[in-house]
Amino acid sequence: MLLYILRRLVLLLPVLLGLTLLLFIVARILPGDPVGLAAGPNATPELIAQMKRELGLDQPLPVQYWDYLTGLVSGDWGMSVFTRRPVFADIVEYLPATIELVFASLFIAVVIGIPLGLLTAVYKNGALDYATRTVALGGIAMPRFFLGLLLQMAFAAWLDVLPLSGRYPLIESPPDHVTGLYTIDAVIAGDWYAFQIALSHLALPAIAMALSPLATIMRMMRASTIEVLQQDYVMTERALGLSNRLILFKYVLKNAMTSTLTVIGLYVSWLLGGTVLVETVFDWPGLGLYATQAILTQDFMPVIGVTLIIAIIYLVTMLVVDLLYGVFNPKVRYA
Amino acid sequence: MTLLDIRNLNLAMKSYEGETQILHGIDLKIERGEIWGMVGETGSGKSLTGLSVSRLVPSPPGRYVAGSIKFRGKDVLQATDREMRGLRGRHIGMIFQDPTTNLNPAFRIGTQLVDVALHAGHADPSVLGLNPGASRGDLKKAARRAAVEMLEKVGIAKAAERIHDYPHQFSGGMRQRALIAMAMIGKPDLLIADEPTTALDVSVQAQILRLIHDLVTERNIGVLLITHNLGVVAQICSHVAVMYRGRILEAGKVDDVLKRPSHSYTQALLHSVPTAHTKRGELKGLNGLMPETAA
């Protein structure tokens, strides 16, 4: 098992190497002059040339790539022309906010989607089934940023019960940094007040991102549960007197999880990519907002850095999903 | 008191073409110690009769038009869902045809056995050798012990270790043994076995039949063995009922029915069984197909 995980982790390296090369080339052949943009409209050619030298942009491309690669390994992910800070430091600062947002929405989607999927499968074509089906259709079809705007309008502007945007009030200091996830840090610090504030800011963007995966997970779970309920072993369990609750939430759930798990894994990358839109709408200081800024200013080192970190998270998630298959289906357990 | 007394059982099924009667006035009485074989072609209503005893026919589409199924004097067709659940696993054990699909692939054999044992033990702690009012912890411990014992009893070697296996680590014959263990762990009074050996190869068939025979004689319980194999009936049954198109044509002691069949259908059925001495071209099939039930 441990050996399998190690082997899978080693196999990630060539994938990441290929990705850096691809990103590097794409970033360099894009038109535009990031240095000129950063130096401002009044910069002299000498100043621009000097900045290029400082950033290493006057070197030939293979040398730049090699410098970039060796830098990556040693934690030097290049400089952001726009923030004038190391990209790695920026990512370390923005990543927790994105992680918090992504996993909060995934949590909402899983915790609500799976039980709803089970119940709508059991009460097929009942009132709950029809109601959730309608909402699910809307949830899948509606763009996240639009849903985000609607939520802002309803809960922040009209009802005024949740903050419009941001992650934490500027005038207050967030809980002590442990994980960088404010809600979790607040729990660790035992600060109930900070937890409420962090959660109230997290709620709207997380819901905006959660609706689509929630709907998909629910529909997926419903379909696989209906299939599992037809299986012979469910009849045997019923014939031997096990209660419906035990059959559904223990014996059927585990069997129906396999295909839903695939969807959940895929949604991690979908959510990471989606932060670009939702973080912009909610002014959420995460990787998405950082990447958007970088793209708009043609600042390519942060773009590569963000893409790379998202790729790493995605690949690790896929590994976790593969391992979880073994939990739900003992036949595919890895030795 | 008669263990199982089915009287004038009439079952109808709804479909898009309307309601069709499937079972026409089934009468059957099973006493403790009797092993009833129920034979008939595919679609003759054998399995639905068996499922009806545990009231496992989904409704809708199923609907009992008339009749009663008295188990230990109480009509299961009138029982509440809660009462039914109390009967299942504890008083009525069931075994189905295909051992590869009837065990849950995602759970250890032991987990599945223990859950059935716990269900039976909650209803009646004496099943697990405990006094009434036994604590949860005691029930769990006893259920685990009973699971190992039962698995040993059905002939799984090193049961204490194999109980941690998943179904895919068991062979087909072992899985059917495990399913028999699940059906018998609640110490039922009646065992319904729906083609328990059809999916197994011949040598394993004989072992499984012997196992069922030994277990039911030892515990002196009633058995309804559904099969389309007359050889199986001749081997282990004391009584036999011949079904055709939702009716019981003939029923009685195995010796009487198989040696002196009175109904022409039974005779035809007997002639369609090949033996080692049957010559090419001698085997008689039954003419015609089962008629469409929806008419």
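In chain B, B:L191 touches B:G93, B:M94, B:I95, B:A183, B:M184, B:I212, B:V216, B:I221, B:G222, B:V223 and B:L224, leaving aside residues up to four places away in sequence, where contact means heavy atoms within 4.5 Å. This is a predicted model, in which local features need pLDDT of at least 70 and side-chain atom pairs count only at pLDDT 80 or more, while totals for chains, interfaces and linings use all residues. Residues are numbered from 1 along each chain as its sequence is written, chains are lettered from A and ligands numbered from 1 in the order in which they are written, and side-chain values use heavy atoms, with hydrogens and water left out.

B:L191 is also, together with B:L151, B:V154 and B:I180, among the residues with the most contacts inside the largest nonpolar core, which has 124 residues. Such a core is a set of buried Ala, Val, Leu, Ile, Met, Phe, Trp, Tyr and Cys residues joined through side-chain atoms within 4.5 Å; buried means under 20% relative accessible area, exposed over 50%, and partly exposed in between, with a 1.4 Å probe and protein chains only. Helix α11 (residues 244–282) of chain A gives the most to this core, with 15 residues; helices (H or I, at least four residues) and strands (E, at least two) are DSSP runs, numbered from the N terminus. Because domain 1 (2–73) and domain 2 (88–168 + 207–332) of chain A both give residues to this core, the core lies between them; the domain bounds come from an automatic or database domain assignment. The centres of these two domains of chain A, taken over C-alpha atoms, are 33 Å apart, and their contact takes 21 residues from domain 1 and 16 residues from domain 2.

Elsewhere in chain B, helix α1 (residues 46–53) has six of its eight residues buried, so it is largely enclosed by the rest of the structure. The buried residues of α1(B) are B:K46, B:T49, B:G50, B:L51, B:S52 and B:V53, and just after this helix B:R55 takes a positive phi of about 50°. In strand β10 (residues 247–253) of chain B lies B:E250, which is buried, with a relative accessible area of 8%. Among the residues that B:E250 touches, not counting those up to four places away in sequence, are B:V240, B:R260 and B:H263.

By contrast, A:V161, in the loop between α7 and α8 (182–189) of chain A, counts as exposed, at 56% relative accessibility.
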